[in-house]
Amino acid sequence: MKITLLLGDNTERMPELGSVGVVLSDPPYGLAFMGKEFDTLGDGESQQLWHHAWLMEAYNLLPSGGLILAFSGTRTFHRLAAAYEDAGFEVIGIKAWGYGCLTDDAEILTEHGWKPGVDVVKGELVACWDPDTGAIRLDTVEEVTRAPYSGKMVAFQNDNTDQLLTPNHRVYKKHRIRKVVAGKRVASEDGSWTVQPAGEINRWNNIRLPLAGAHDGPGVGGEDWARLLAWVWTEGGYDNSGSGVRLYQSSVNQPHVNEIQRLLDLFVPGHSRYRREREYKGRSYTETCWYFSGQMAEQIRAVMPVKRPTWELLWGMTQAEKHAFCDAAVDGDGSIGQGKRRKDGTLGPGRVAFYQKNPDDLIWFQTLAHLMNRQGRINFPKRVVGLHMNPATQLQGRHLRAKVSETYDGDVWCVRVPTGAFLA
């Protein structure tokens with residue numbers, strides 16, 4: 001087969017070809033890609049006129065029934081399609097690349113909690129992550145993609161994340177690069193998040209993947225109100241009839257007794273307080289029970305109808321309220337271990353654990369952590385969420401090369417959101 005390459009402006013060189021059966025082209029998309037001049041075609045009208053000029057030459061090359069196929073970008077293809085018709089072509093079909101990225105068991109975080117991504121619809125509110133600011137906000141799904149897939153999926157897996165992605169899935173990552181500077185080997189990390197298709201990521205240098213961000217809601221009533229709600233969740237109870245709310249605490253945790261008392265004095269000055277002496281394993285202590293009903297009790301029960309926090313509460317809390325709620329919840333049903341000693345002899349932050357019997361509550365608390373720029377790791381058999389302060393995870397070489405890919409046969413899905421990234 002003989003192939004001849006002609007160099008030059010296509011509108012000038014195409015007439016030299018005489019007649020051809022098929023035209024295949026990948027013209028500039030008009031996106032000013034990477035600031036390149038060749039891809040800068042002006043405004044919409046200018047772009048359409050530019051396409052019209054070369055399409056007219058292509059039309060003259062093709063006999064009746066001849067075919068033309070040209071590529072374009074998702075944001076500018078309509079200008080190419082309009083120019084097609086202006087030049088005299090009949091548009092018989094448009095093929096688009098479907099960016100189905102995640103497996104059908106992957107879930108997405110919505111305003112009502114987690115749901116299978118394959119069930120999300122256009123217009124639904126989902127959690128979106130802004131790579132420039134690290135902020136998380138609820139925003140609208142602009143487009144949904146779902147398609148069958150059979151083949152290799154790219155795997156990223158360590159103790160903190162387990163992802164199976166189609167090779168074309170756009171991954172936000174920071175690479176750790178080692179190079180020799182002035183005779184010394186030094187390591188550095190990308191300063192900002194960069195995007196690369198999963199199948200093209202270098203797996204010989206450590207990478208960091210984002211796991212969390214900061215969500216700031218409109219507010220639910222202040223940090224102390226958030227603390228009181230957390231204490232009711234972890235150490236409270238509701239009367240089966242009426243509006244009564246009870247809180248319990250032991251003198252073994254006297255600072256907690258003092259904190260609950262402060263909050264109730266602030267919000268429910270007319271509450272009742274009872275004490276009784278108890279003994280556990282030969283140890284005597286005082287149990288305090290607080291009780292209140294009426295308007296404030298009804299308000300708390302409206303916010304947490306079954307004495308459990310709701311997704312509406314989660315999205316409503318400001319960042320400061322989320323931290324206050326989290327701290328009080330850990331005081332009520334959690335623990336803070338002794339941290340590792342630093343090189344300067346001081347102790348770092350200890351391991352934070354939060355315990356709850358209901359799996360849905362563990363998932364809710366884990367999500368709270370990830371909206372506070374932290375990460376939560378659930379151990380369902382032990383009914384605990386471990387809190388970690390790092391909002392990202394590092395995949396080292398041993399992780400990247402231990403499991404590179406996995407065969408998958410099923411549906412894949414993805415959604416398009418305004419920030420370019422969502423929580424899954």
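**Helix pairs**

Modeller: The crossing of α4 and α5 is left-handed. Keep in mind that this is a predicted model.

Colleague: How do I read a pair of packed helices?

Modeller: Two packed helices are described by the angle between their axes and the distance between the axes. For α4 and α5 (residues 254-267), the angle is about 120° and the axes are 10 Å apart. That angle makes α4 oblique to α5.

Colleague: Which residues of α4 and α5 meet?

Modeller: From α4, they are D224, W225, R227, L228 and W231. From α5, they are H256, E259, I260, R262, L263, L264, L266 and F267. Sorted by class, this contact has eight nonpolar, one polar and four charged residues.

Colleague: α4 also packs with α6. At what angle do the axes of α4 and α6 cross?

Modeller: Roughly 75°, and the axes come within 11 Å. Here α4 covers residues 223-235 and α6 covers residues 295-303. Angles from 65 to 115 degrees count as roughly perpendicular, so α4 is roughly perpendicular to α6.

Colleague: Which residues of α4 meet α6?

Modeller: W225, L228, L229 and V232. Their partners in α6 are M296, Q299, I300 and V303. This contact divides into seven nonpolar residues, one polar and no charged.

Colleague: What about α2 and α3?

Modeller: Helix α2 spans residues 44-61 and helix α3 spans residues 77-87. They pack at about 45°, with axes 8 Å apart. This makes α2 oblique to α3. The crossing is right-handed.

Colleague: Which residues make the contact of α2 with α3?

Modeller: α2 gives G44, Q47, Q48, H51, H52, W54, L55, M56 and Y59. α3 gives R79, L80, A82, A83, Y84, D86 and A87. By class, there are nine nonpolar, five polar and two charged.

**Single residues**

Colleague: Let me pick one from that list. Is Q47 buried or exposed?

Modeller: Look at the relative accessible area. The cut-off for buried is under 20%. Q47 has 2%, so Q47 is buried. Its place is in helix α2.

Colleague: What does Q47 touch?

Modeller: Set aside residues up to four places away in sequence. Then Q47 touches Y29, G30, L41, G42, T76 and R79. With R79 there is also a polar contact, side chain to side chain, of 3.4 Å.

Colleague: Now a strand. Where does T110 lie?

Modeller: In strand β4, residues 107-110. Its relative accessibility is 1%, so T110 counts as buried. A polar atom of the T110 side chain lies 2.7 Å from the backbone oxygen of G113.

Colleague: What is T110 in contact with, beyond four places in sequence?

Modeller: K115, E124, L125, V126, L138 and W315.

Colleague: And W114? Which strand holds W114?

Modeller: Strand β5, residues 113-116. Its relative accessibility is 28%, so W114 counts as partly exposed.

Colleague: How do I see that parts separated in sequence come together?

Modeller: W114 and W364 are 250 residues apart along the chain, and their C-alpha atoms are separated by 9.4 Å. Then check the side chains. The W114 side chain makes a polar contact of 2.9 Å with the side chain of T367.

Colleague: Which other residues is W114 in contact with, leaving aside neighbours within four places?

Modeller: Besides T367, the list holds E107, I108, L109, W311, I363, L423 and A424.

**Backbone angles in loops**

Colleague: Where is K281 found?

Modeller: In the loop between β17 (272-280) and β18 (283-292). Exposed means over 50% relative accessible area. K281 has 73%, so K281 is exposed.

Colleague: Which other lysine has a positive phi?

Modeller: K307, with phi of about 60°, although K307 is not a glycine. K307 is found in the loop between α6 and α7 (311-316).

How values were computed. Residues are numbered from 1 along each chain as its sequence is written. This is a predicted model: local features need pLDDT of at least 70, side-chain atom pairs count only at pLDDT 80 or more; totals for chains, interfaces and linings use all residues. Side-chain values use heavy atoms; hydrogens and water are left out. Helices (H or I, at least four residues) and strands (E, at least two) are DSSP runs, numbered from the N terminus. Buried means under 20% relative accessible area, exposed over 50%, partly exposed in between (1.4 Å probe, protein chains only). A polar contact is a pair of N or O atoms within 3.5 Å; within protein, one must be able to donate a hydrogen and the other to accept it, and residues adjacent in sequence count only if both atoms are side-chain atoms. Contact means heavy atoms within 4.5 Å. Axes are lines fitted to C-alpha atoms, for helices over the stretch in contact, and angles run from 0 to 180 degrees between N-to-C directions. Angles under 35 degrees count as roughly parallel, over 145 as roughly antiparallel, 65 to 115 as roughly perpendicular and the rest as oblique. A crossing is left-handed if the near helix is turned anticlockwise from the far one by less than a right angle, and right-handed if clockwise. Ala, Val, Leu, Ile, Met, Phe, Trp, Tyr, Cys and Pro count as nonpolar, Asp, Glu, Lys and Arg as charged, and the others, Gly among them, as polar.
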